[in-house]
Amino acid sequence: MKQQFSYDVIVVGAGHAGVEAAYAAARRGSKTALITLTKDKIGYMPCNPAVGGIGKGHIVFEISALGGLMPKLCTRTYLQVRMLNTSKGPAVHGLRLQIDKNAYSKAAQEELAVTENLTIIEGMVNDVITNEAQSVTGITLADGTIISAPCVVLTTGTFLNGLVHIGLHNYASGREDEEPAVNLSTSLRTLGLTLGRLKTGTPPRLLSSSIDFSRLEKQQSDNLDHLFEFYPHNTTTKRDCYITHTNEKVHQIIKDNAHLSPILRKEITGTGPRYCPSIEDKITRFPHKNAHQIFVEPESLSTEWIYPNGLSTSLPLEVQKQYINAIKGFEEAIIVRAGYAIEYDMVMPDQLYPTLETKKIHGLFLAGQINGTTGYEEAAGQGIIAGINASLKAENKPPFVLDRNESYIGIMIDDLTTMSIDEPYRMFTSRAERRLILRQDNSFLRLTEKAHAIGLIDAQMYKDFSEEKDIIYSTIQDLRAGNNNTDLLRLFGDNAGACKAVTETTGKVLGGRACQTIQAEIKYAPYIEREELESTRLKKHQTMKFPEEFEFMGMEGLSTELQQKLTRIKPATLAQAALIPGMTPAALSLLMLKINMFHRKKSHVSETENC
């Protein structure tokens, strides 16, 4: 037996979930060990080097409000900045940054290296060790080293029994050219956990100097005065992004070679993501479309690699070359790494508590893709919650749980733990029942007090946050006292005029994010009030039952996704339907209306038959 080490918390895996888990646990004061295969892959971005977007960006703001690391790393390493959905209201805006993947990973390594209470250990984890009481006592590395701790957080990404596919060739790998964790997958089954199998993929990477950017559409960056962090930051553009499209020739090449795709041949057992399908899937599922958008995005200032976002594939390299060179601007493009699909084991997340601790094994927490999610942001959001709760459990303190009515992270974890998954989970604003109050701009107002209470916010930030909070609330109160809502809406007609209006009306100078909070509170006031009434009305009708012959498919007003989920799950009551991921108050109101219409129609038919 090799030497034994002892910690309060062990975090396995140093991707985005592992980084946040280890950072949170260590900052709370727990003696923490972060286990990774290689230190130089900490915070690595194996897929698109971008952070944020609609829904996903909300999670990153919440990580920031909780004192997490991802937002800080983004500020240090972004290449381009865009605020998505600005033609709509602030509730569905989405900050998205193109990131320098090499700089991000290096920054993550530097930050963790100087984090107190944190030790980074290189090694492959083979087993989770438990005692007779079904409690974690530590882990065993492949070289026999035993590391003890009462709490272990697994953040294994795609490494659990990972299998890479390129054409008809496949091989075991956690990521491209990295060793998979086969024994750990076996260990989890032995512990009695139910595992599933998912699939994801990545596009080929292209050489920047081989692309004709003059033929592509430039994607403009936005000038903002804040990013994900609490403090202001005036943005600059360090590298441009572009857009091009597939075409009928590209589609025909892929159709002609469909027999070489393991995805279309159904040789991949893992379920792929609905909202980020491979290019083979897109062409098969949407045969009426003769073009699909491709976002041409840089990976780093230190490399010539370009990420053609939208071209994830598992086709053979020779076929990838053919269709890449048939795309406008890519006629001479050189592939520097082939695209590939990867399938991997995961643990069905309905076996977890909302703390992300497993129900069967005390002290074992799971975060990230092991829970069936997809995306850096979803992984990081789970990681910070798992790290916090592992630290609290090690100290025998009450758990930290976020409700779905107070955060997108809470929505995600509630969806996972109550409904589980049948495909990789991705966050959308449509999953939120209360999205008018779960905005990017008010993330700090919603969560920073909670983070401070458990020791994750330093004294200076808490002081500055408290001052801004007081100014925001007093300004809203002062404005409402002196104006009616119609006047305020006219005064705060757009984002650009919000800060000017605050200064002119109150004499107070605030940053853009704080001004947007004031604007949104004024803009949404009557809608939030209506939402509260609707919520109360729905609660009164939660016991309303669906008739046995009730049909969800083809129901106007319901998204195709909700129609499919309702048909598959077959909820007995409106309350059960409310738990389905992606269900909204508007959809529930529609279902309630349809149930009433169904009964009225049936009653009318019965009366007619009795005539």
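Reader: In which strand is S6 found?
Author: The model is a predicted one. Within it, the strand that spans residues 4-6 contains S6. That strand is β1.

Reader: Is S6 buried, partly exposed or exposed?
Author: A residue counts as buried under 20% relative accessible area and as exposed over 50%. The relative accessibility of S6 is 47%, so S6 is classed as partly exposed.

Reader: Which residues are in contact with S6, leaving aside its neighbours within four places in sequence?
Author: T158 is 152 residues from S6 in sequence, and the two C-alpha atoms are 27 Å apart in space. With the neighbours within four places set aside, the contacts of S6 are K31 and S148.

Reader: How are helix α1 and helix α9 oriented to each other?
Author: Two packed helices are described by the angle and the distance between their axes. For α1 (residues 16-27) and α9 (residues 376-394), the axes come within 7 Å and cross at roughly 30°. Angles under 35 degrees count as roughly parallel, so α1 is, relative to α9, roughly parallel.

Reader: What is the phi of L356, and is L356 buried or exposed?
Author: Most residues other than glycine have a negative phi. L356 is not a glycine, yet its phi is positive, at about 75°. L356 lies in the loop between β21 (340-347) and β22 (364-366). Its relative accessible area is 1%, and therefore L356 is buried.

Reader: Where is N396, and is N396 buried or exposed?
Author: N396 also has a positive phi, near 60°, and is a residue other than glycine. Its place is the loop between α9 and α10 (408-419). Because its relative accessibility is 72%, N396 is exposed.

Reader: What is the radius of gyration of the protein, and what would a compact globule have?
Author: The protein has 18 helices and 22 strands, and buried residues make up 57% of its 611 residues. Its C-alpha atoms fill a box of roughly 70 × 65 × 60 Å along the principal axes. A compact globule with 611 residues would have a radius of gyration near 25 Å, and the protein agrees with this, at 25 Å.

Notes:
Residues numbered from 1 in each chain as written. Predicted model: local features only at pLDDT ≥ 70, side-chain atom pairs only at ≥ 80, totals over all residues. Heavy atoms only, no water. Axes fitted to C-alpha atoms, helices over the stretch in contact; angles between N-to-C directions. Helix = DSSP H or I, 4+ residues; strand = E, 2+ residues; numbered from the N terminus. Parallel < 35°, antiparallel > 145°, perpendicular 65-115°, else oblique. Rg over C-alpha atoms; globule rule 2.2 N^0.38 Å. Buried < 20%, exposed > 50% of the residue type's maximum accessible area, 1.4 Å probe, protein only. Contact = heavy atoms within 4.5 Å.
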